[in-house]
Amino acid sequence: MKIIEKFKAGKTLFAFELLPPLKGDTINTLYNTIDTLREYDPSYINVTYHREEVKFIEREGGLMEKRIVRKRPGTVGISAAIQARYGIDVVPHLICGGFSVLDTEDALIEMNFLGIDNVLALRGDNIRGENTFRPVEGGHLHASNLVRQIQDMNHGRYVSGEVEHPTPTDFCIGVAGYPEKHSESPNMTMDISHLKEKVDAGADYIVTQMFFDNDKFYDFVDKCRAAGINVPIIPGLKPFSTKTQLNVLPQVFGTDIPQDLAMAVEKARDNAQVREIGIEWCKEQCRSLISHGVPAIHFYTMSRADNIAAVVRDVF
Ligand code: FAD
């Protein structure tokens with residue numbers, strides 16, 4: 001079922017995001033996470049996509065060998081496996097990085113055959129160690145181009161000219177939004193105008209980057225509406241869980257940590273106490289978001305379910 005249809009339920013839905021297991025691990029850890037969260041009736045589950053990374057390995061004589069590694073393969077297969085095992089709708093992420101438009105077309109054909117109705121269309125991050133995002137030859141530079149390609153397929157327009165029977169697909173398309181601005185954007189106004197490009201290209205809804213200050217989200221929604229973006233905007237949340245996140249989250253996700261939360265985390269005895277603080281903070285965020293009538297809350301699990309379960313148990 002399409003995610004946008006679910007948003008018509010008239011109540012705030014619970015959804016969460018999983019990472020595929022590291023290469024070589026079994027799928028069972030992922031199933032354990034779902035088993036823990038299933039009793040809270042998740043409406044849908046997102047599965048992230050991880051592009052290849054460049055790794056340098058030292059050889060004899062000090063020579064460095066460049067290797068391309070993909071640490072977490074299997075997004076489409078895992079999504080289909082979850083949907084078949086649990087009957088819960090899935091949203092595989094699809095990124096521009098590492099994909100030519102033909103690779104993208106093949107991935108979408110595969111998802112369509114597997115009965116997947118939803119996709120989150122993203123550009124993806126730079127390859128680690130590179131300053132700017134570089135698409136592969138024949139790949140997309142921005143997520144808006146990817147949205148356009150998916151919408152083209154939804155209208156029976158395939159990239160490969162030789163398609164004899166171009167059956168239209170019917171994907172529901174989500175895109176990413178940034179309540180605190182994307183790190184590469186010069187300012188919020190420009191970032192929102194690029195977000196509008198994605199919506200104008202055919203995105204059905206927006207999921208946000210994580211934030212810890214709800215006012216930033218409400219302000220972002222107001223700015224989007226003022227810019228003519230009228231699709232549902234789903235807040236993304238993550239309960240704070242370790243002291244190191246005080247530095248890591250602002251660095252990696254550009255997320256501001258409110259002073260009250262930062263001070264409480266700093267004063268905490270250990271990470272067990274940080275987890276408790278994170279759970280309570282996240283519950284308060286959820287209660288306010290639900291009272292504002294958001295269509296769903298998207299939780300970033302980072303593949304750990306216990307703190308999400310503690311939040312969801314009390315607020316949904
Ligand atoms: P875009 O929308 O292309 O925007 C990227 C930057 O380019 C922005 O600064 C934007 O303002 C700018 N821009 C856009 N269009 C134009 C234009 N026409 N001209 C000039 N500038 C432009 N990453 C992964 O690798 N895998 C995942 O599974 C994944 N899941 C995510 C899920 C969510 C909910 C979110 C919020 C992020 C996720 N990411 C994931 C991270 C995301 O890929 C990065 O934040 C990436 O740097 C930007 O992706 P985007 O889709 O927002 O890109």
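This is a predicted model: local features need pLDDT of at least 70, side-chain atom pairs count only at pLDDT 80 or more; totals for chains, interfaces and linings use all residues.
Local features need pLDDT of at least 70, side-chain atom pairs count only at pLDDT 80 or more, and totals for chains, interfaces and linings use all residues. Residues are numbered from 1 along each chain as its sequence is written, and side-chain values use heavy atoms, leaving out hydrogens and water.

Polar contacts (pairs of N or O atoms within 3.5 Å)

- A nitrogen atom of the ligand lies 2.7 Å from a backbone N or O atom of tyrosine 49.
- For alanine 143, a polar backbone atom is 2.9 Å from an oxygen atom of the ligand.
- Histidine 194 places a polar side-chain atom 3.0 Å from an oxygen atom of the ligand.
- The protein buries 85% of the 980 Å² that the ligand exposes when taken alone (Shrake-Rupley method, 1.4 Å probe).

Make-up of the shell

Helix H6 (a DSSP run of H or I, at least four residues)

- Met188, Asp191, Ile192, Leu195, Lys198 and Val199 are buried (under 20% relative accessible area, 1.4 Å probe, protein chains only).
- These residues lie on the same side of H6 because they cover an arc of only 105° around the axis, taken from the directions from the helix axis to the C-beta atoms.
- Thr189 and Asp200, on the other side of H6, are exposed (over 50%).

Notes. A polar contact is a pair of N or O atoms within 3.5 Å; within protein, one must be able to donate a hydrogen and the other to accept it, and residues adjacent in sequence count only if both atoms are side-chain atoms. Helices (H or I, at least four residues) and strands (E, at least two) are DSSP runs, numbered from the N terminus.
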